6 protein chains.
Amino acid sequence: MSAAPLSEAKSNTPFYIATGREVEAFQAAYNSCLPVMLQGPTGCGKTRLVEYMAHRFGVPLYTVSCHEDMTASDLLGRYVLVDGNTEWVDGPLTKAVRDGGICYLDEIVEARQDATVAIHSLTDHRRELFLERKGGEVLRASKDFSLVVSYNPGYQSVLKDLKTSTRQRMVAIELGFPEPDIEEKILIESGVEADSAVALVRLGAVIRRGSITGLREVASTRTLIAAGKLMAHGLSFKEAATLAIAGPLTDDIELRAGLEALIDTYQPA
Amino acid sequence: MSAAPLSEAKSNTPFYIATGREVEAFQAAYNSCLPVMLQGPTGCGKTRLVEYMAHRFGVPLYTVSCHEDMTASDLLGRYVLVDGNTEWVDGPLTKAVRDGGICYLDEIVEARQDATVAIHSLTDHRRELFLERKGGEVLRASKDFSLVVSYNPGYQSVLKDLKTSTRQRMVAIELGFPEPDIEEKILIESGVEADSAVALVRLGAVIRRGSITGLREVASTRTLIAAGKLMAHGLSFKEAATLAIAGPLTDDIELRAGLEALIDTYQPA
Amino acid sequence: MSAAPLSEAKSNTPFYIATGREVEAFQAAYNSCLPVMLQGPTGCGKTRLVEYMAHRFGVPLYTVSCHEDMTASDLLGRYVLVDGNTEWVDGPLTKAVRDGGICYLDEIVEARQDATVAIHSLTDHRRELFLERKGGEVLRASKDFSLVVSYNPGYQSVLKDLKTSTRQRMVAIELGFPEPDIEEKILIESGVEADSAVALVRLGAVIRRGSITGLREVASTRTLIAAGKLMAHGLSFKEAATLAIAGPLTDDIELRAGLEALIDTYQPA
Amino acid sequence: MSAAPLSEAKSNTPFYIATGREVEAFQAAYNSCLPVMLQGPTGCGKTRLVEYMAHRFGVPLYTVSCHEDMTASDLLGRYVLVDGNTEWVDGPLTKAVRDGGICYLDEIVEARQDATVAIHSLTDHRRELFLERKGGEVLRASKDFSLVVSYNPGYQSVLKDLKTSTRQRMVAIELGFPEPDIEEKILIESGVEADSAVALVRLGAVIRRGSITGLREVASTRTLIAAGKLMAHGLSFKEAATLAIAGPLTDDIELRAGLEALIDTYQPA
Amino acid sequence: MSAAPLSEAKSNTPFYIATGREVEAFQAAYNSCLPVMLQGPTGCGKTRLVEYMAHRFGVPLYTVSCHEDMTASDLLGRYVLVDGNTEWVDGPLTKAVRDGGICYLDEIVEARQDATVAIHSLTDHRRELFLERKGGEVLRASKDFSLVVSYNPGYQSVLKDLKTSTRQRMVAIELGFPEPDIEEKILIESGVEADSAVALVRLGAVIRRGSITGLREVASTRTLIAAGKLMAHGLSFKEAATLAIAGPLTDDIELRAGLEALIDTYQPA
Amino acid sequence: MSAAPLSEAKSNTPFYIATGREVEAFQAAYNSCLPVMLQGPTGCGKTRLVEYMAHRFGVPLYTVSCHEDMTASDLLGRYVLVDGNTEWVDGPLTKAVRDGGICYLDEIVEARQDATVAIHSLTDHRRELFLERKGGEVLRASKDFSLVVSYNPGYQSVLKDLKTSTRQRMVAIELGFPEPDIEEKILIESGVEADSAVALVRLGAVIRRGSITGLREVASTRTLIAAGKLMAHGLSFKEAATLAIAGPLTDDIELRAGLEALIDTYQPA
């Protein structure tokens, strides 16, 4: 992903500023009826991108945060007892397949394997969903249906890796953190004052350049926004950055001291 | 599998171009009432072969994507509560046994062992299905019933190996990737433009020859089709191949760089 | 097991040709009201022997393929909801105990331990079945009841070993592969042509003599029959033996090459 | 346990010949309202002793074969759905506590821990059973109630050890194999012919003396009886001992050869 | 715990002879509304102390033997189906909180973690119980409510340790075995004859002094009482001590021989 | 956290004395609609701070003690059977989101992962709660909703670590033990006499300075209060401190001896 960033700000459109060619790639995958695998660090804007694209396509968005107890039934639907009878209730994936829409499976590798496997027939030439538990009903996906998953490889343990047979069914779109000028705009748009935004983006950039060795993750745009909001509610740069950036990033005493020294260095005059 | 490839293109027939003698082998197993074990890499066309054969035999196809939470009940059927009573609902295997048809268990080793064992009596001289939970009902398989499983040995962990007592009940048919001229036809048939198809098949062939050491899987025909579709929707060869081939194949930085260099080398003039 | 094989071929009698004194041993155990533990390699005819003996005794046969999710309830029975009440439904073991018959537990070590323990009181001087979940009902086994289990020691992992306190309750009958002349008869009886039968039995014998080191299992009579059937439906000896014998036996490239060389050597002129 | 064996053979009394002072010890524990822990090898007569003592005390016997899926509910009772209501059904332990009788928990360490813990309040000065799931009902044990468990320490894995806090609540009675003259009587009483009994008891004794190193268990009285019954139904000493003693004791080829050599040596002239 | 033992023997009062200042400590914790953690070896009288204190306070006692399948619902209560509706039934902890009384959780570390966590809000300044599954009902504990747990640190595995955040909510009262003169009184009170009591207490003391190295636990007062009762029912000192002390303490042959030698040495003249 | 402590003692206000700037930080996070992660040792006052802030904001407080069996349904709600129909009952998180209020998840890492993931959409710009099991209902959080979690990093095992993607959504507020003069006030406010308070705070301080190496946790304010209460009910300093501080802190004999020596040293004259 590189080249000219895309910015759209029509009224009602969810706020999103592109950091590369992710919007064009997403659009081409959608037009090709191919599922999308989003990759990128925590808090870089994956959820916002999906919200933005759903609005652009004019389709509903069904977001599912995957977890280790999530089974296929949570996606497909299940029987519920009504007046002594069992009645089928569609899950979010089934709804999106039936009526059109984006089904976004956030952190898909966390889900149980039956949930991952349930999407296989939707992600090849068949574009079909099998509801085995509903008497074997087969749904052919509407043209407006799109499947999007997020997946962070370095972030997961070796035990939780997406199967290569699943990955080969996806178009892989990578997102990174925005360039400084774009990130400043994002902070200001989120309610951070301009001066704070400049200082916080500088602090974020130095942390991301790896000046503190050993951090499991760097400061996301989300943490910069949080610090900025705390400043808008009366806390100092130092206190806000400590509470919203240093604290969430690490409990290690030495790493913490390093971060606090950086905060001292980068606080606005 | 070798020798003259078989191509059938009657109207309504699912699109399938044989890469060896898999169609004859499948037909002989079907005529002998023997179950089939399909082997071959991700995305080489196992699902399409089964669809094609089901159409050729004029029987319905029941596809089940196996997973680690799948139990015998998902195959055989279960009781559902209706008006305060429990009512039996056939599973896909039971339907195929009762009415004739192919039951295709995709990636059978993923299923729980009770599901694997449930097929044993169907795969020897008995050709019977025991519905123990349905009062011990015994179904004798219709002549049109055929059981097909897919299984990729190298692909599975040692913990998930098909028992030899199960394997010895099957006829093993191996599929590989198609020869270049056939693969080009398949891409064009799937909506890829002719020029793109030639370039993508060349790229796929060099990846499959093992020029990048360390990849867990090579580029399947499916990924080449995906890249071709993205090109048809306006992306460049380089961007399409990166999104649909390099990204899905690996997250490793060095392997990724190797793939991108290959993409640069093989992009059409 | 040695000495004169026994062959019975009355009309309606299931097809079985004895390979030793297994029929006499089974008969004596049945007359002594002792349970039987069948041992022997995959596909050597254990199921057929039990079918044959059940017909000989004139009693029904209840076959249960054991698996790791099988619990005592699958053998004994369970309550099912009917019109808002729970109603007891006998399992296959309970049926055989109540009405007489052979209950055959195939690969008993695969079952959960509660299933194995449920048979203890049936296999000593008590010959009783406790239905604890059915209000403590105690069934005394009919004189015609017989319990048969199959168990392959080398085949199981150390974690799945039959407890010695269970084994000491059984009469152990061992089965092997039949002698060549008998196996030829079995193949011909199963629909294989005479010439194919001779060649396939020779191939099976050389594989069983251990000419390929490293195979987890050798070629069973069942795989020879499968290859013979494929030949009857038009495939060559080489193609049939590859599909039905070499493929099912191994995925290892070297072992596979060894098997294919043997197939070349032993193909009929 | 030593001294004069006790033999009782009144009509209707279950057949039991004491091998030591186990009957007196059991009687004293019963009179003292103390629970009993029976120890001894497979097939030495633990079940028969409990049956005999229950008859002697004139109380019913509730036998429970413990297993790893057995929970407290299997002992105490559970709610069952009747006409839309839940109705409590006593388990075997609750029945014995309420109405008097011996509750015999065979191989108690196999049970889940909640089952083991459920007996604690029954085995100290309280002699009470708490039915927590039945609204906290507390049952005081009838004077005729006795709890008996069997437990073989060497036989279990380290993971399945009876807690010392449970053991200290029991009177430990150890059983061994009977002396030759007593074992002959037992075999004859069980339907074995006198000559066979003498030969089989001699064979059993030599195996128990440890002449075959490496056997996990020695030949129990039960296996000698089984071999004797097979002889009574027409099999030779050699065939019967192989089927009922050597086969059940081991699958190891060398140990098996050793046992068969012993059988040859000890076969009657 | 040291100083003058406390003995109370009013009619109806449960029998308890204090071995230290445990009664005063318990009383002060009760008056301070602080929960109590009882520590001490198997069979030293923890249950009897709690029974005694409940009687002294004039409140009911709810005893729960914890185990690894015990969940919060077993303590708090659950819904039961009555006439097609779900009806809430209080668990023992909820009853004690609502109506006053001691809830005694025996071997609390055995319980599942949700059960341990359920008591947290009861054991700090809040003294409240949250019934989340009952629509979030909050019960404020009655002044008469007291929570008591038992916990033996050396006895548990490292995996089953009480969390320090739980421990810091408790007053820790330690119990030991009684002094010889007190233990003799306890034995006599329990129905042991005076002569037997003297001999058994001497035997117990020498075992507790560690004369047999390797025993996992020493002889509790409970085992001495059991041996004394067997003597009262006609067994000799040697036989009774072997059955009730040596057998329950160990299965190890050498440790057993050592114990039997001690029994010989300490048997009364 | 440092600077001037905040003390509020209006009538009805829960008792809380600030130890740093935690109240201001909490207020700014609340005004910024950012979730709060509280960190600090056992018994330092986390629960009291949340109670105090809820009262200050004038909103209800929903406290949930997390544990390893807690699932998303315990937070979100579930269907309960009423008159044969299933009826939805809101969980504590759903109630707080719907009606406003603080939802406090105590020791959140103990909860199952689906519970942790359920809060993700509440903790970013969306502030929405998905009730997937309730037909996909989406709740937008009221302005008064605030999510607070507690988390002690050093305290948890490596297996139970809060995901960095969850942490980056929180404002991290750290609490420590209060300074001596403040802690004395807290003890006196809790009913401890002034002299005892001085002595106990001195004892607590020396333990916290690490004079006993190897303790897993130091003495919390809570244990000091407990010891003070026992003294108010008649126990000596030494006995009270042993029961409420030394006993709960360790079972190790040497550490225990060290603590008792400290207690001797620091007992008031």
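The following paragraphs lead through the arrangement of the chains, one interface between two of them, and one residue inside a chain.

The model is predicted, so that local features need pLDDT of at least 70 and side-chain atom pairs count only at pLDDT 80 or more, while totals for chains, interfaces and linings use all residues. Residues are numbered from 1 along each chain as its sequence is written, chains are lettered from A and ligands numbered from 1 in the order in which they are written, and side-chain values use heavy atoms, with hydrogens and water left out.

Two copies of a chain are related by a rotation about an axis and a shift along it. With contact taken as heavy atoms within 4.5 Å, chain A and chain D do not touch, their nearest C-alpha atoms being 11 Å apart, and no contact joins chain A and chain E, whose closest C-alpha atoms lie 10 Å apart.

Chain A does meet chain B, where 43 residues of chain A are in contact with 44 residues of chain B. The area buried between them (the accessible area, with a 1.4 Å probe, that two parts lose on being put together, summed over both) is about 3,700 Å², and carbon and sulfur atoms give 47% of this area. Gln113(A), Thr164(A) and Gln168(A) supply 18% of the area that chain A buries against chain B, more than any other three residues.

Between chain A and chain B there are four salt bridges, each a side-chain nitrogen of Lys or Arg within 4 Å of a carboxyl oxygen of Asp or Glu. Among them is the one between Arg21(A) and Glu239(B), whose closest N and O atoms are 3.0 Å apart.

Elsewhere, Ser146(D) lies in strand E10 (residues 145-150) of chain D, strands being DSSP runs (E, at least two residues) numbered from the N terminus. Ser146(D) is buried, with a relative accessible area of 3%, where buried means under 20% (1.4 Å probe, protein chains only). Leaving aside its neighbours within four places in sequence, Ser146(D) is in contact with Tyr30(D), Gly101(D), Ile102(D) and Cys103(D).

Technical notes. Helix = DSSP H or I, 4+ residues; strand = E, 2+ residues; numbered from the N terminus. Buried < 20%, exposed > 50% of the residue type's maximum accessible area, 1.4 Å probe, protein only.
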